[in-house]
Amino acid sequence: MTHEPNRSSDDGVTLTLDEVAGQSLARGAVAEALLHVERAWIGTGSWTMAQAHVRRVAAGPVDAADHTGLYYGAPAVAFLLHAAASRHPSYHAASQTMDEHVLRLTRRRLATAATRIDRSQAATFAEYDLFYGLTGIGALLLRRHPDSDELAGILRYVVTLVTRPRHEDGVALPGWWVAHDPDEILPTPGGHANFGMAHGAAGLLSLIALATLRCRVVDGQHYAIAALTQWFDRWRQDGPEGPWWPQWITRDELRTGRPVLNGSGRASWCYGTVGIARAQQLAALATGDTQRQEAAENALAASLTDTQLDRITEPGLCHGIAGVFQTSFRACLDARSPALARRLPALAERIARHTRSLGDEANGLLTGRAGVDLALETARHSTPPHTGWDACLLIT
């Protein structure tokens, strides 16, 4: 779910629909500006064009209210400005100003989450996930302010979610259990625990693993990594096409200890084996667990067969082939064997083929052309993005 609110900013200014869209990384102008900045870095685009797109995003009032997150509002604009400022010093002041808004936002969000935990209420995607929650803000701070108290607060929050179950009707539920459905058309009576990178356990695991790899560790962080990897071990399913994990589990599935589905879903970044395998690979790198690393890389490789990829009909980053490629590319850079790298050319060819079905009107990073074009730049040049834009996917 990637809903963006049409609300007022934290200083009470009411934003227009165009201003809201202009601050969206998920579906709007931030993603397009990020693409032009990346192309300017590479040399396939101009800095004049990139700066025009950055000004379009940052010219008006920026929403820094409590509903904002990495994919919308001040954190999204901060992510863009940092990408531009790393090459153009003229953006440093604006980037630092936006960071101050993000740090204040983080403190408010952490206080709200602590109150919710103290009341033993259920979490929500909006509180903790990558798109609009504290996990996404943590990904931003890990790049911008790795030594900040605010990032430490987010890491302690994640440790709490992972290591402190919430009890309801005598049942111990994971701390990231939500009472709402994963989608309006997919009811989960009694709530669910999500496994994916976008809204679930894989995103939590990736954040604390990446922080550990960068020597940013709080009390309980190693235990939380172990608890999450054990969670994935518990729910791993082995099928004829390789290992897979549920997208989420319901109260009934938690009680029985087995998922209702008999097979895997799409091998996507957001919910599927591709994102989950990368999260486990990062956890293995963070803990020096070579056996888990090999298992994660084998699981990812098994999801990249032609049979598996033929099930993917979308070009985008979230559910589509572009996200599979970008995640696999990052996993290849850390892999112990060349098996994953051998699949990259075929993945790149599939992106180009799928892109023909994507209309020019499709905007944004997650399902739009900007996200696909960013992955294509990686594929064309076979080098990590100069802007590090894919940090917003928690794969690096």
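**Close-up 1. Arg87 and Trp41 meet as a charge over a ring.** Start here: the charged end of Arg87 sits over the ring of Trp41, and the distance from the ring centre is 5.1 Å. Keep in mind, for this view and the others, that you're looking at a predicted model.

**Close-up 2. Phe125 and Tyr128 make an edge-to-face pair.** The model has 13 aromatic pairs. In this one, the ring centres of Phe125 and Tyr128 are 6.2 Å apart and the planes make an angle of 85 degrees; over 60 counts as edge-to-face, so that's what we call the pair. Both residues belong to helix H6 (residues 125–128), where they're three residues apart, or about one helical turn. Here's a handy bit of background: an α-helix has 3.6 residues a turn, so residues three or four places apart point the same way.

**Close-up 3. Trp248 and Tyr271 pair up across a stretch of sequence.** Their ring centres lie 5.7 Å apart with the planes at 75 degrees, so this pair is edge-to-face as well. Trp248 is in strand E6 (residues 248–250), while Tyr271 is in the loop between helix H11 (251–256) and helix H12 (273–287), so the pair ties together parts that are 23 residues apart in sequence. Trp248 is buried, at 15% relative accessible area, and Tyr271 also counts as buried, at 13%.

**Close-up 4. Six aromatic residues gather in one cluster.** Look for Trp176, Phe195, Trp231, Phe232, Trp235 and Trp245, which together form a single aromatic cluster.

**Close-up 5. Helix H15 is mostly covered.** H15 (residues 321–334) reaches 20 Å from its first C-alpha to its last, close to the 20 Å expected. How many of its 14 residues are buried? The count is 12, including Ile321, Phe325, Phe329, Arg330 and Cys332. What do the buried residues pack against? Their partners are H12, helix H13 (290–302), helix H14 (306–309), helix H16 (344–355) and helix H17 (369–381).

**Close-up 6. Thr68 is a buried loop residue.** You'll find Thr68 in the loop between helix H3 (47–58) and helix H4 (74–85). Its relative accessibility is 0%, so Thr68 counts as buried. A polar atom of the Thr68 side chain lies 2.7 Å from the backbone oxygen of Ala65. Leaving aside neighbours within four places in sequence, Thr68 has contacts with several residues, among them Asp63, Leu105, Arg109, Tyr132 and Ile137.

Methods: Residues are numbered from 1 along each chain as its sequence is written. This is a predicted model: local features need pLDDT of at least 70, side-chain atom pairs count only at pLDDT 80 or more; totals for chains, interfaces and linings use all residues. Side-chain values use heavy atoms; hydrogens and water are left out. Rings of Phe, Tyr and Trp (its six-membered ring) pair if their centres lie within 6.5 Å; planes under 30 degrees apart count as stacked, over 60 as edge-to-face and the rest as tilted. Helices (H or I, at least four residues) and strands (E, at least two) are DSSP runs, numbered from the N terminus. Buried means under 20% relative accessible area, exposed over 50%, partly exposed in between (1.4 Å probe, protein chains only). A charge sits over a ring if NZ of Lys or CZ of Arg is within 6 Å of the ring centre and within 35 degrees of the ring normal. The expected span of a helix is 1.5 Å times one less than its number of residues. Contact means heavy atoms within 4.5 Å. A polar contact is a pair of N or O atoms within 3.5 Å; within protein, one must be able to donate a hydrogen and the other to accept it, and residues adjacent in sequence count only if both atoms are side-chain atoms.
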